[in-house]
Amino acid sequence: MFTKMRASRVVLLAALLAGLLSLLAGCSGSATDTDAVTIATVGSYHPFDFVNDEGELDGLEPELGDELCRRAGLECEWVVNDWVDMIPDLVAGEFDAIFSGMSITAEREELIDFTEAYYPPTPSVYLARAGAGDRAVEGTIGASTNTIYSDYFTELGRPFVPLEDATDFTDVVDAVLDGTVDAILVDHGYAVEKLSEHEGELEIVGPSVLLDRGLGIGVRKGSELKLKLDEALASMKADGTVNALILKWIGPDASTFDR
């Protein structure tokens with residue numbers, strides 16, 4: 001009797017142990033899946049993100065993002081996505097994060113969450129052809145659609161030329177250089193890079209306008225990824241890595257934290 005009961009208990013314990021091991025294996029697999037993160041970027045917003053001559057993603061955001069992923073213990077994969085579909089595709093689960101010069105705004109926060117800013121709040125500026133002067137701001141203004149700039153002019157009731165084909169953002173500057181518009185309102189960091197690229201052809205004119213709370217990484221509402229990225233970002237700010245990367249990619253006139 002005693003022998004049979006002992007044997008039954010051994011069998012039962014073995015079954016329970018097998019089930020526990022199976023459960024642990026399943027949990028381990030889930031953790032691995034959680035640590036695999038897909039990041040979307042537009043890949044054409046130089047110097048924040050772009051495809052270099054070797055066909056690889058490059059710029060401030062890919063370099064900063066790779067270090068963020070390393071510190072957060074995440075295995076990250078980058079994909080290129082159309083700007084206009086960024087938020088809908090994130091919400092739909094096509095990828096896990098948006099890292100593509102996206103401004104933190106109250107309107108966007110109704111749809112997604114943002115990490116802390118990796119680029120500080122900085123007034124946007126108007127770019128015009130060199131010599132145009134501040135009067136260019138009173139002329140024909142252009143703005144990429146589905147951006148904080150098109151939203152700004154729409155709210156103001158100010159007519160503007162919608163640059164709907166400027167999906168790679170390089171056409172925004174072309175619209176100024178070829179005379180399609182007199183001026184465009186753009187991110188300060190983007191303006192700094194374009195002034196260097198088109199030296200002597202462009203200038204900053206008119207008033208600057210603060211439209212956001214900096215640039216942040218977009219994630220789905222309630223995503224645990226936000227906390228992991230925020231912790232890694234905090235460590236990179238604390239040791240000066242974020243500022244160093246901003247200065248590397250945008251130059252000495254860039255906005256940095258605590259400057």
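Is D182 buried, partly exposed or exposed? At 25% relative accessibility, D182 counts as partly exposed; buried means under 20% relative accessible area, exposed over 50%, and partly exposed in between, with a 1.4 Å probe and protein chains only.

Before I continue, a word on the basis. This is a predicted model, in which local features need pLDDT of at least 70 and side-chain atom pairs count only at pLDDT 80 or more, while totals for chains, interfaces and linings use all residues. Residues are numbered from 1 along each chain as its sequence is written, and side-chain values use heavy atoms, leaving out hydrogens and water.

The structure holds 12 salt bridges, a salt bridge being a side-chain nitrogen of Lys or Arg within 4 Å of a carboxyl oxygen of Asp or Glu. In one of them, D182 meets R129 at 3.8 Å, N to O. D182 lies in the loop between α6 (170-177) and β11 (183-186) and R129 in strand β8 (residues 124-129), so this pair ties together parts 53 residues apart in sequence. Helices (H or I, at least four residues) and strands (E, at least two) are DSSP runs, numbered from the N terminus. R129 is partly exposed as well, at 28%.

Next, K221 and D113 form a salt bridge at 3.3 Å, N to O. This pair links distant parts of the chain, 108 residues apart. K221 is partly exposed, at 47%, whereas D113 is buried, at 18%.

Finally, R71 forms a salt bridge with E67, with the closest N and O atoms 2.7 Å apart. Both residues lie in helix α2 (residues 60-72), 4 residues apart, and so are separated by about one helical turn. E67, R70, R71 and D239 are linked in a network of salt bridges.
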